[in-house]
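This report is for a reader who is meeting the structure for the first time. Please look over the sequence and the model before reading on.

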Amino acid sequence: MTARRADPRHRRRHRPAGGLSRRLPGRAALGAGGTLAAVPTLLIVHHTPSPATAEMFDAVLRGATDPEITGVDVVRRAALAATASDLLAADGVILGTPANIGYMSGALKHFFDQVYYPVLDGTRGLPYGAFVHGNLGTEGAVRAVESIADGLGWRRVAATVQVAGSPGMPDLRACWELGATVAASLMS
Ligand SMILES: Cc1cc2nc3c(=O)[nH]c(=O)nc-3n(C[C@H](O)[C@H](O)[C@H](O)COP(=O)(O)O)c2cc1C
C-alpha cells in the first residue's frame, strides 16, 4: 500500500464532481500512532450464472479473504447490481465473467457501459484483476475486459485467469492466487 500510494502513477487523480464525488463511508481502523485510517476495499464484480464460473468466483473470494490478508474489506456485487458508487468506493477490483460469443458477458458489459463515464476520472490507476470461464475460446472476452480496463486507466496487478471447461485444482488454485494477489496489493 505504501509503495502504491508513494507512486504518483497509482494515485487517483480526482473524483468527479457531484453526487459520485465523495467516497462512501467505509470501515475505519486504528492506524499507526492511533489515527483513524480507512480500510481499503476490494470490490469483486462478477457474472457467475453457471457452476463452473461460480466455482472460480468462490476460489477468488477464498483467496481475497484468506486470514493472512488483513485490513482489507471484500465487497462482492453481481454485475447487474454493481454501480459506479461501488467502484468509486473501492481501492481495487476483480472482474469475473463467462466468455459469450467471443466477448465478455452482456451483464459485465452492461456494468462497464453504465459506470464508464461516471468513474473515468475517479478510478485511474485502480489495481485490478480478472477471471474468465469459457468452453470454446476465452481470448476475445479477456481482450475485451482488458481493453476496457486499459481505457479506464486501471492497472492490472495479476495475470488474468482463463479456464476452458470444468475447472481443475490448478485452475482453482490460480483463481485463489488471483484473489489473494489483488487483495494483498491493497494491504498497507
Ligand atoms: C450464448 C453463449 C455463447 C457462448 N460463447 C462462448 C464463447 O465465445 N467462448 C467460450 O469459450 N465459451 C462460450 N460459451 C460457453 C460459456 O462460456 C460457458 O457456458 C460458461 O462459461 C459456463 O460454463 P459451463 O457451461 O461449462 O458451466 C457460450 C455460452 C453461451 C450460452
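## Overall make-up

The model is predicted. Its chain holds six helices and nine strands. Of its 188 residues, 40% count as buried.

Among contacts in the chain with a separation of 6 or more, 82% are between residues 24 or more positions apart.

Strand β7 covers residues 127-134. Eight of its eight residues are buried, so β7 is largely enclosed by the rest of the structure. In a regular strand, side chains alternate between the two faces of the sheet. In β7, Pro 127, Gly 129, Phe 131 and His 133 point one way. Tyr 128, Ala 130, Val 132 and Gly 134 point the other way, and both sets are buried.

The side chains of β9 alternate in direction and in burial.

## Helix α5

Helix α5 runs over residues 139-151. Its 13 residues should span 18 Å at 1.5 Å a residue, and its end C-alpha atoms are 18 Å apart, which agrees. The buried residues of α5 are Ala 141, Val 142, Val 145 and Ala 149. Seen down the helix axis, these buried residues fall within an arc of 100°, so they line one face of α5.

What lies over the buried residues of α5 includes the strands β5, β6, β7, β8 and β9. On the face turned away from the buried side, α5 carries the exposed residues Glu 139, Ser 147, Asp 150 and Gly 151. After α5 comes Gly 153, with a positive phi near 80°.

## Helix α2

Helix α2 covers residues 51-64. At 1.5 Å a residue, its 14 residues should span 20 Å; the end C-alpha atoms of α2 are 20 Å apart, which agrees.

The buried residues in α2 are Thr 53, Met 56, Phe 57, Ala 59, Val 60, Leu 61, Gly 63 and Ala 64. They pack against the strands β3, β4, β5, β7 and β9, and also against helix α6.

Ile 101 lies in the loop between β5 and β6. Most residues other than glycine have a negative phi. The phi of Ile 101 is positive, near 50°. Ile 101 has 9 other C-beta atoms within 10 Å and is exposed.

Asn 135 belongs to the loop between β7 and α5. With 13 other C-beta atoms within 10 Å, Asn 135 is partly exposed. Leaving out residues up to four places away in sequence, Asn 135 touches Ala 164 and Gly 165. Asn 135 and Pro 98 are 37 residues apart in sequence, and their C-alpha atoms are 9.0 Å apart. Asp 121 sits in the loop between α4 and β7 and is partly exposed, with 16 other C-beta atoms within 10 Å. Asp 121 and Leu 152 are 31 residues apart along the chain, and their C-alpha atoms are separated by 8.2 Å.

## Around the ligand

How many residues surround the ligand? The shell has 15 residues, and the closest are Ser 50, Ala 52, Pro 98, Ala 99 and Gly 134. The elements giving two or more residues to this shell are α2, β5 and β7.

By class, the shell has six nonpolar and nine polar residues, with no charged residues. Gly 134, one of the closest residues to the ligand, is a buried residue of β7.

Note on methods: Residues are numbered from 1 along each chain as its sequence is written. This is a predicted model: local features need pLDDT of at least 70, side-chain atom pairs count only at pLDDT 80 or more; totals for chains, interfaces and linings use all residues. Helices (H or I, at least four residues) and strands (E, at least two) are DSSP runs, numbered from the N terminus. The expected span of a helix is 1.5 Å times one less than its number of residues. A residue is buried if 20 or more other C-beta atoms lie within 10 Å of its own, exposed if 12 or fewer, and partly exposed in between; C-beta atoms are placed from the backbone. The arc is that of the directions from the helix axis to the C-beta atoms. Two residues are in contact if their C-beta atoms, placed from the backbone, lie within 7 Å. A residue is near a molecule or strand if its C-beta atom, placed from the backbone, lies within 6 Å of it. Ala, Val, Leu, Ile, Met, Phe, Trp, Tyr, Cys and Pro count as nonpolar, Asp, Glu, Lys and Arg as charged, and the others, Gly among them, as polar.
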